[in-house]
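Keep the model open while reading.

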Amino acid sequence: MAGWNDILYEIRDTPPQFDYVRRRYLKKLSQYTKRNTICYYSSWLSKRSANNLDINDSDMTGFMNAIKDLDCSKGLDLILHTPGGDPAASEAIVNYLRTKFNKDIRAIVPQLAMSAGTMIACAAKEIVMGKQSSLGPIDPQFNGIPAYNIKLEFEEAKEDLLRDPRNAQYWMIKLQQYPAAFMKTALDAIALSGQLIEEWLGSCMFDKSQEGDRKTIQKIVDSLNEHDNSKNHGRHLGIDFCTNIGLKIFPLESDSELQDLVLSVHHAYMITMDSTAAVKIIENQDGKLMVSNQPQ
């Protein structure tokens, strides 16, 4: 017979149904690929008003927790579902992951990896995408506001005030939403995004010492750069677009078992986030996770 404490500990140690199902599919995926697998999921599609949806420096703790005790010689499959965020935080995360896994990283995008999420995917040796998957322009965001939109707004204000200084009151009210020196911060972030993606592409997916690879890298950077491509920050760039600009893409449909496992993991995470207070989850195949919850 189990004692009081035995039952209490069993209840405490039994994971919730969402965690149990999610981890079961994540473990099956890792066993199939024989690689470490870390999921990085944000609930920005369903909880747009929540905090901590974007890529930021607090995520490093989650990745450190997920990598602890892993056999890094097995490489890493990084599953991304994110709206993007801070390019400087992304740089720190990429540098850390590359150091731990010796650049043996595949990025898997079941649905969307936008902005800085696209940048992280481009730091991998290969990107796994399905017909439903999309990357996005690499324009960074600040609290959900695209940096290039901020730049355009300040430029519009400058041109309008040169034409008619009487509009100063309007622009003062409109631009006071931004803190001091915010325009410079946005410009720096735009420049850093282009610099980082070029560097990452040339040091893993491609060899920047080869002239042919340098041309491919430049084509990719130009194609993903927001102001050289489209002023729609939310534009979805599908597998055909990504393949045509030169990215090394592995089509998810070419391996039906991998496709089933990846999409099962994706659905499990989406259901968890839609049904709980979770707004961000960083988790490995062994169930080690850091979860950020929306305040009740």
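Angles under 35 degrees count as roughly parallel, over 145 as roughly antiparallel, 65 to 115 as roughly perpendicular, and the rest as oblique. Axes are lines fitted to C-alpha atoms, for helices over the stretch in contact, with angles from 0 to 180 degrees between N-to-C directions. Helices are DSSP runs (H or I, at least four residues), numbered from the N terminus.

This is a predicted model: local features need pLDDT of at least 70, side-chain atom pairs count only at pLDDT 80 or more, and totals for chains, interfaces and linings use all residues. Residues are numbered from 1 along each chain as its sequence is written, and side-chain values use heavy atoms, leaving out hydrogens and water.

Start with helix α3 (residues 59–67) and helix α4. They pack at about 15 degrees, and their axes lie 10 Å apart. The two are therefore roughly parallel. Contact (heavy atoms within 4.5 Å) involves Asp59, Met60, Phe63, Met64 and Ile67 of α3 with Ala92, Ile93, Tyr96, Leu97, Lys100 and Phe101 of α4. By class, that contact has nine nonpolar, no polar and two charged residues. Here Ala, Val, Leu, Ile, Met, Phe, Trp, Tyr, Cys and Pro count as nonpolar, Asp, Glu, Lys and Arg as charged, and the others, Gly among them, as polar.

Now turn to α2 (residues 17–33) and α12 (residues 256–275). Their angle is about 155 degrees, with the axes 9 Å apart. That makes the pair roughly antiparallel. This crossing is left-handed. The contact has 12 nonpolar, four polar and three charged residues.

A cavity is a set of points on a 1 Å grid over the protein atoms alone where a 1.4 Å probe fits but cannot get out; lining residues have an atom within 4 Å of a point. The largest cavity holds about 60 Å³. Helix α4 (residues 87–101) gives the most to its lining, with three residues.

Methods:
Left-handed = near helix turned anticlockwise from the far one by under 90°. 1 Å grid on protein atoms, 1.4 Å probe; cavity = no way out; pocket = protein on both sides within 12 Å on 5 of 7 lines; lining within 4 Å. Points joined across faces, edges and corners; volume = space filled by probe spheres on them.
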